[in-house]
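This report goes through one protein model in terms of its open space, its charged side chains and its backbone. The structure comes first.

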Amino acid sequence: MITSSDIALAHRLADAARAEIRPLFRTALDGEAKGDATPVTVADRNAEAAMRKIIEAECSADGIHGEEYGVKEGVSGRQWVLDPIDGTTAFLAGRPIFGTLIALLADGFPVLGIIDQPILGERWAGVSGRETTFNGKAVSTRRCPELDRATIATTGPHYFSVEQGDRFMALAGQTDHKRMVMGGDCYNYAALASGHIDIVCEAGLQLHDYAALVPVVEGAGGVMGDWRGEPLHAGSDGTVLALGDAARLDDVVEILA
C-alpha cells in the first residue's frame, strides 16, 4: 500500500535531483560514454547520489535500482527505481525535454511514479488507484476513435533492431504519421498523460527507463504494456507501448505482431 509518506518522499527525491541538475543545464559540461555507449554526466551522477542518500537514510529496508550506481538489495519487498536524467543527450544539447524518473515497485510492479522536468518546473505524479497529477492538478489522456488519427512518438529509430524497426514502421504507417514525433524520451509519456500524444512505442528500454512511466500513464486513463500487451514489471523484455486510449490496444498489438 502506498502511503502519503511514500508520495511525499518521492517528491522530495525529485526536488533533490532538481537542485543538482538545474545549475548544470546549458553549461560547458562534457558527457562521457558508458559501456553501452550512452552518455552520462556529472549531473546524472550527482542527482542519483542525492536521491540515494535520502532513501538510504529514511527507508533503509527498501531496495534501490539506479541507472548510475546499480542495485542495492532490500528486505521489504519494495524497490526505488531511479533514472536521474532520462534523456542525457537532450540535456547535453540544451533541450529541456529530458526528465528525472522516480518509481516505487512493490513485488516487482510499479505502484508510484514521478516524471520531473527540472528546467521547466513540470512534474507528473502517478500512484496506483489514484488520478495522475501535473503540478498538483489532475490530467487525463485523450480519446482516439480511429488509429489513423493517432499521433505516435518514439525517441529514435536507432534504438530499434532492424526487425523491431520494421514492426514500428508498420504501426506508424497506420497512424497519422505526418505528425510523428521523434525524440523526447520520458517527456513523450508525460505529454501522452496530459492528452497531447496518442501512442508511444519503443524498444530496448531498461527498468529505470519505464518503471516510473506506468503509474503516470495509467493514472491518467491510458494503458502501458510490452509489445504483446502484457503489463510491465521488473522482468519485462524492454519493448514498451503506451496508449492514451485503451480501446486501440488490440489494434496496435495486432499490427506489432
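## Basis

This is a predicted model, in which local features need pLDDT of at least 70 and side-chain atom pairs count only at pLDDT 80 or more, while totals for chains, interfaces and linings use all residues. Residues are numbered from 1 along each chain as its sequence is written, and side-chain values use heavy atoms, with hydrogens and water left out.

## The largest pocket

Rolling a probe the size of a water molecule over the atoms shows where empty space is left. A pocket here is an open set of points on a 1 Å grid over the protein atoms alone, where a 1.4 Å probe fits, with protein on both sides within 12 Å along at least five of seven lines; lining residues have an atom within 4 Å of a point. Grid points are joined across faces, edges and corners, and a volume is the space filled by probe spheres set on the points.

The volume of the largest pocket is about 640 Å³. Its lining has 32 residues, of which T38, D86, Y159, D185 and D209 are the closest to the centre. At least two lining residues come from each of β5 (78-86), α3 (88-92), α5 (186-193) and α6 (207-210); helices (H or I, at least four residues) and strands (E, at least two) are DSSP runs, numbered from the N terminus. By class, the lining holds eleven nonpolar, twelve polar and nine charged residues. Ala, Val, Leu, Ile, Met, Phe, Trp, Tyr, Cys and Pro count as nonpolar, Asp, Glu, Lys and Arg as charged, and the others, Gly among them, as polar.

## Salt bridges

The whole structure contains 14 salt bridges, each a side-chain nitrogen of Lys or Arg within 4 Å of a carboxyl oxygen of Asp or Glu. One of them joins R142 and D198, at 2.8 Å from N to O. R142 is in the loop between β10 (137-138) and β11 (152-154) and D198 in the loop between α5 and β13 (199-202), so this pair ties together parts 56 residues apart in sequence. R142 is partly exposed at 26% relative accessibility, whereas D198 is buried at 4%. Buried means under 20% relative accessible area, exposed over 50%, and partly exposed in between (1.4 Å probe, protein chains only).

R167 and E163 form another salt bridge, at 3.0 Å from N to O. Both lie in helix α4 (residues 162-172), four residues apart, or about one turn of the helix. R167 is partly exposed at 26%, and E163 is partly exposed at 43%.

R179 and D176 pair at 3.7 Å from N to O.

## A buried aspartate

D185 sits in the loop between β12 (181-182) and α5. D185 is buried but has no salt bridge, and R95, the nearest side chain of opposite charge, is 7.3 Å away. For charge, Lys and Arg count as positive and Asp and Glu as negative; His and the chain ends are not counted.

Apart from neighbours within four places in sequence, D185 is in contact (heavy atoms within 4.5 Å) with D86, G87 and T155.

## Positive phi angles

R26, although not a glycine, has a positive phi of about 60°. R26 lies in the loop between α1 (4-21) and β1 (32-33) and is exposed at 60% relative accessibility.

D107 is not a glycine either, and has a positive phi of about 55°. D107 lies in the loop between β6 (99-106) and β7 (109-117) and is exposed, with a relative accessible area of 65%.
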